[in-house]
Structure formats: C-alpha cells, structure tokens
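Have the structure open beside you as you read.

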Amino acid sequence: MESVKLEAIYVYIDISSSRHVFSTLHDGTKILAYIADSINAAYQDRLLTPFTIKDGDAIVGGFSDFQLLPEIYSHCLTVYYSPDFRRHFSGISAVVDETLNFYFGAGIGHIDTPPTEDLQNINIVNGSSIINAIEASEKAKIIMKSQQGQKRSALYNDEDYFFEKQPFKFYCIAEAKSFGNALGAMFFLAFEKLIKSDKQRDLFRIKDSHPDYSNIEIGTALGYSALSKADISSRVSVLIANSDYFLYKKVRSDIVAYLGDLQNMMGGASDE
C-alpha cells in the first residue's frame, strides 16, 4: 500500500500555563474540545484531518488549502471573544477576564500517510507538516516565556515576534525556514503592529467575522448599545478613521496571496 505525499498545513494549539490556570486539567481539555468542535463545524468540508485532542492537552488538525490558515486563526479569535464562550466557561476566571492564552503553532510541509480515508485519524497521519506544527507551538511557548515581565520596548528580539495583543500566540515553521519566517512577519504586522488598542483589535475582528455589518451593528458589538444610533455610528466611524484597518485588510490579502503562491510552488516541486 503506497503512502500519499501531500502538501498541507497542520495547526497545533496548546494552552499556556494550563497547570497554573485551571483547578483541574479537565477544564483545559473541555476548552480545547470546544474550540476544536467550533473549527470542525465551520470548516468540516475543508479539513484533511478534523481538529482533535492530542496528548490530552492540545488540539491538532490540518488542511490542504494553505489559504485557509488566516481564516482558522481569525476563527479562534472570534470563538475566544464570543459571549457563548464566556457563558459556557463562566466558572473559569481566566476565560471571564480574558487572560487565557494559547500557543498557535502552524506547520507547513507535507504529510506521508496511507490512503486518504485514514486522514481523519490524527494518530495515523504523519509528516513534516505535523512535526513543524508541534515545534512551532513549542517555539511560541519559548518566546512567550522569554518575554514575560519585560518592558514594552523589548517585546521582540532579532529572531522572533511576540504577539502581545492576541490571546493566540502565533508561530510558523516551514520546510524552508525563510517561508515560515516571512509568514510570521506578515501575521505579526496584521495581528499585532497595525493594532493600536483593544478597541481596534475588536473592531478588526468584528469586521472580519461580519463584513456586512453596519456601523450600528459594529458599535453594538463593541459595547456602545447604550448610546443613540447617531452616536454609535459616529464613534465607529471615528474608530475606523483613526485605525489602520484598510492597511490591515491589504496585509490580510497579501497573506492569502503569499500562501497560494507558496502552495503552488511546493506542489510543483513535489511533482518533479
């Protein structure tokens, strides 16, 4: 039986400091299962391997469409800040006060596996993309631990980007190191450097999740519902005008284009 070699991205998500955050490790497992179920429900037809609990304290899943990566990352942010997530885990203080952090490791590479019907089982699938995802999550953990307690002016060093504003600490490793580094830089620009405040972070996330929302709907989601409709609309307009939202959208578009070109190049190389 021949194995299948396929270019893919796998994602490995682990909870930061889980042994200190939860009263029992089962709480962390339930949170990870909730996130995995949400991703699987939203992208079930586009996943090679559904997101599944791995080693008891992480989730891992994969997809063949490289351009899905920023969507998966944004989806995790949407779940994290959703009222349903806070209600579901209202007994966990780190969820309620939004101090819970995750390591989001993205691995770009190939999978070598038996025929495609086995791709649903993460315990059977193997390859460089999964290895890279696990290593990327570990690298995100090392970066976060090295930056904790440091001053704002020292939040990143010559090698690595620290995602201070986002609860999912992103890191990417690819078979060719420079490709992963370039993607990490673009994610850092889009999801960290172009965001100047928590309100802007929430604005970008809401507009990503609900591109058809009016200013009134955006303002309501931002917590301005007590104001008049005119004031809500005005506040949102000012918030957008004072942000780099349109540059953020440009970077997001460039990330998608980069991932598409990278996949085409890797697919061509693997066919040679």
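## Overall build and one histidine

For a chain of 272 residues, a compact globule would have a radius of gyration near 19 Å, and the protein chain has 19 Å, so the two agree. Keep in mind that this is a predicted model. Taken along the principal axes, the C-alpha atoms fill a box of roughly 65 × 45 × 40 Å.

The protein chain holds 11 helices and five strands. Of the contacts with a separation of 6 or more, 70% join residues 24 or more positions apart. Buried residues make up 48% of the 272 residues.

| Feature of the protein chain | Value |
|---|---|
| Positive side chains | 26 |
| Negative side chains | 35 |
| Distance between the centres of the two sets | 10 Å |

Now let us zoom in on a single residue. His75 is found in helix 3, which covers residues 69-80. Is His75 buried or exposed? His75 counts as buried because its relative accessibility is 16%, and the cut-off for buried is under 20%.

Which residues does His75 touch, not counting those up to four places away in sequence? They are Ser38, Ile39, Ala42 and Tyr43. With Ser38 there is also a polar contact, made between the side chain of His75 and the side chain of Ser38 at 2.8 Å.

Terms used
Residues are numbered from 1 along each chain as its sequence is written. This is a predicted model: local features need pLDDT of at least 70, side-chain atom pairs count only at pLDDT 80 or more; totals for chains, interfaces and linings use all residues. Side-chain values use heavy atoms; hydrogens and water are left out. Helices (H or I, at least four residues) and strands (E, at least two) are DSSP runs, numbered from the N terminus. Buried means under 20% relative accessible area, exposed over 50%, partly exposed in between (1.4 Å probe, protein chains only). A polar contact is a pair of N or O atoms within 3.5 Å; within protein, one must be able to donate a hydrogen and the other to accept it, and residues adjacent in sequence count only if both atoms are side-chain atoms. Contact means heavy atoms within 4.5 Å. The radius of gyration is taken over C-alpha atoms; the globule rule is 2.2 Å times the number of residues to the power 0.38. Lys and Arg count as positive and Asp and Glu as negative; His and the chain ends are not counted. The place of a charge is taken as NZ of Lys, CZ of Arg, CG of Asp or CD of Glu.
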